[in-house]
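The following note sets out numbered points on the structure shown below. It begins with individual residues and ends with the protein as a whole.

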Amino acid sequence: MTSGTKKKSRARRVLGVLGSVVGLTVTFTVATAAALVIHLDAPAVRRLVSAQVNGILASTLAGKVEIEHIGGLGLHGVDGVRVRVHDPEGVQVLHVDGVRVRVRALEAARSALFGDGAIVVEVPSASVGNVDANLDADARGEGLRLASAFAPRAPSEPKPSEPPGRGVRVELPEVLLGHAWVHGTPPGAPPIDAELSDLAARAHVDPDVVRAELDRVRLVTRALPRRVDPKGTIGGKFAMPAPNGHGVDVQALFEGEVGGVPTTIEARMNDRRVDARIDARDPTGARASSVVDELAIHEPLSLHAEAHGDLPHVEAAASLVVGKATVDATAVVRASATTHVKATVTARNVDAGALSAGAPRTNVGLDARADVAIDDAGVHGEAAIDTLPGTVDRQPIPRAEVRAKLAGRSAAVRARIHDAAMPTEVAIDVEPRSDADGQIVKAAARSSVPDLHRVPVVGAKVGGSAEVDASLGLLLPEKKIEGAQAKVVITRVRAEQASVGRLEARARLSGTIDRPVIDAELEGRQLLTGTLPLASIDGRARIELAGEAVTVREASVRRRARPARRSRRARGSCRWAGRSSASRAPPCSASARRSAPIS
């Protein structure tokens, strides 16, 4: 055999050996991979995976996140996963059961190893059977126990910036939730007790956009204040960025009941564009009364409200109808460092008797408007209220007007009642104090009644005139009364069994609002009660109020009878003695008593 032939034979043997080695290696690799796939769903493997994941989570999170059970594990995904979460103090904050996730692992691996662009991960379905979530505040009352459970065990150190990776695209065409119970008392919020069920959603995530759609979820709440307790179905959409390429696009729709009242709420925020509406209708008003205990509505009730605008500018309008009563409101809000609000309210045919069982029947209305700016210094602007002539318990009431000017800690309010029988003016001023970090309130009221006969109810029994003049100074926050006084003067009053030439009552107030002291004085002249004529009567007293306790001090009364005089005769005569009482007075005829002059 030649040397060339020997070399070729040796090369063939080497290639044969290498081929055998490669073949065995590939065969071993394939067999190992197949064995791993076949045994991946074995109980021992599932327990090993749970233990490894639990160990990683325990070293990473402040709370305890424990995978208690994995029912199935393979390249297709996982089944029957149960997870329990405790906060750092050992309180259970989350329990999730019946987790099932289907994933196309081989396609994801192929995309990661051989694909271009974002890594594609397809999750055909993800479902959760039951969730129990605790929303209680943590021990400090500053956050949720649930959030503290997922807080990092140790603060992470900043990492050097790295070039962006390929990104990931996740397709989730089916997300299901059977039932979830959410409960607890979050910090600064009322207790929450809500159930979510029959949730169906889908999602898409890639490096450029996030989209999610909530087809439906049924909501039931309990124990909210005033039994508001929304119940119904919620749907919605989410996209980031919004279709215009900026911000987010969020849409939500609620159809159900709020406080037992059929209600629809629809809202959308598309980047800076805001659109929202709410419609509610109670055919009898009884359900609305169950929410607001102070009301006893027995009339149909409907509410419509909507808001539209491009932030920070929003325009809103609302309309409330209760029986024949209507209330319409509008508002234009421009929010910034200084928020400007321009609003109007119009009310017509308001019947208090239809709103509360103990209220009188009324027919009143008003127009109100306000134009204010709100900033760190307070509220600045003007407001006005004009009431319309109406009736209260079938008695006519006049129109009134109120004007207010607001300037931070200062305010000036003026009110006037346009009543020919009893015109009244009220002035209230609030100013900051120069000597302390507080305010001083000054109020004054003045009213005159030229003819008591023209005053409803009173005028049917009493004639004459009256004047009222009162003022008040109040220091805040001490609630100390300063320079408060009131005076009421009644003249030429005639009633069936009495008459008054002049009666003046004065009062001076001191102390504080919760413990006032009243120094009262009364002066009466030319009085007649029954058959007892008095030239004058003077009285004084100090009255101290403390809660329900009333103490009267330094009380005194002086009376002086009129001198006896002969009355005008009318079919007879009558003479009154100077100090005779009604029982000891000589008999007089009715005609003589009526014709007796009052000096």
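1. Leu177 is placed in strand 7, which covers residues 168-184. In this predicted model, Leu177 counts as buried because its relative accessibility is 14%, and the cut-off for that class is under 20%. Apart from neighbours within four places in sequence, Leu177 makes contact with Val128, Val131, Ser197, Asp198 and Leu199. The C-alpha atoms of Leu177 and Asn130 are 7.2 Å apart, although 47 residues separate the two in sequence.

2. Val96 belongs to strand 4 (residues 92-102). Val96 is likewise classed as buried, at 14% relative accessibility. Beyond its neighbours within four places in sequence, the contacts of Val96 are Val81, Arg82, Val83, Val128, Asn130 and Val131. Between Val96 and Val85, which are 11 residues apart along the chain, the C-alpha separation is 8.7 Å.

3. Asn134 lies in strand 6, residues 125-134. Is this polar residue, Asn134, buried or exposed? Asn134 is buried, since its relative accessible area is 9% and the limit for burial is under 20%. A polar atom of the Asn134 side chain is 3.5 Å from the backbone oxygen of Gln92.

4. With strand 17 (residues 339-350), strand 18 pairs in the antiparallel sense over 10 bridges; Thr346 has Asp367 of strand 18 as its bridge partner. Strand 18 also runs antiparallel to strand 19 (residues 378-387), to which 10 bridges join it, and Ala368 stands opposite Ile385 of strand 19. Strands 18 and 19 form a hairpin, with 2 residues between them. A further antiparallel pairing, of 2 bridges, connects strand 18 with strand 20 (residues 390-392). There, Thr362 has Val392 of strand 20 as its bridge partner.

5. A nonpolar patch on the surface is formed by Phe238, Met240, Val250, Met269 and Leu311. The accessible area of these residues together is about 370 Å². Met269, one of them, lies in strand 12 (residues 261-270). Met269 is classed as partly exposed because its relative accessibility is 37%, and patch residues must have over 30%.

6. The next points concern charged pairs. Side chains of opposite charge can pair when their charged atoms come close. The count of salt bridges in the model is 41. One of them joins the side chains of Arg414 and Asp429, at 3.2 Å from N to O. This pair links distant parts of the chain, with Arg414 in strand 23 (residues 410-418) and Asp429 in strand 24 (residues 424-432), 15 residues apart. Arg414 is partly exposed, at 39% relative accessible area.

7. Glu521 and Arg508 meet through their side chains in a salt bridge of 3.7 Å, N to O. Glu521 is in strand 29 (residues 516-529) and Arg508 in strand 28 (residues 498-511), so the pair ties together parts 13 residues apart in sequence.

8. Asp538 and Arg525 form a salt bridge between their side chains, at 3.1 Å from N to O. Here, too, distant parts of the chain are linked: Asp538 lies in strand 30 (residues 532-546) and Arg525 in strand 29, 13 residues apart. Asp538 is buried at 12% relative accessibility, while Arg525 is partly exposed at 32%. Elsewhere, salt bridges with shared partners join Arg502, Glu504, Arg506, Arg508, Glu521, Glu523 and Arg540 into one network.

9. Finally, the protein as a whole. The protein contains 6 helices and 31 strands. Of its 599 residues, 26% are classed as buried. The accessible surface comes to about 36500 Å², and carbon and sulfur atoms account for 60% of this surface. Among contacts between residues at least 6 apart in sequence, 41% join residues at least 24 apart.

Technical notes: Residues are numbered from 1 along each chain as its sequence is written. This is a predicted model: local features need pLDDT of at least 70, side-chain atom pairs count only at pLDDT 80 or more; totals for chains, interfaces and linings use all residues. Side-chain values use heavy atoms; hydrogens and water are left out. Patches are made of residues with over 30% relative accessible area and no salt bridge: like charges are joined within 9 Å, nonpolar side chains (Val, Leu, Ile, Met, Phe, Trp, Tyr) within 5 Å. Accessible areas come from the Shrake-Rupley method with a 1.4 Å probe; for residues, only the protein chains shown count as cover. A salt bridge is a side-chain nitrogen of Lys or Arg within 4 Å of a carboxyl oxygen of Asp or Glu. Helices (H or I, at least four residues) and strands (E, at least two) are DSSP runs, numbered from the N terminus. Buried means under 20% relative accessible area, exposed over 50%, partly exposed in between (1.4 Å probe, protein chains only). Two strands pair if DSSP finds at least two bridges between them. A polar contact is a pair of N or O atoms within 3.5 Å; within protein, one must be able to donate a hydrogen and the other to accept it, and residues adjacent in sequence count only if both atoms are side-chain atoms. Contact means heavy atoms within 4.5 Å.
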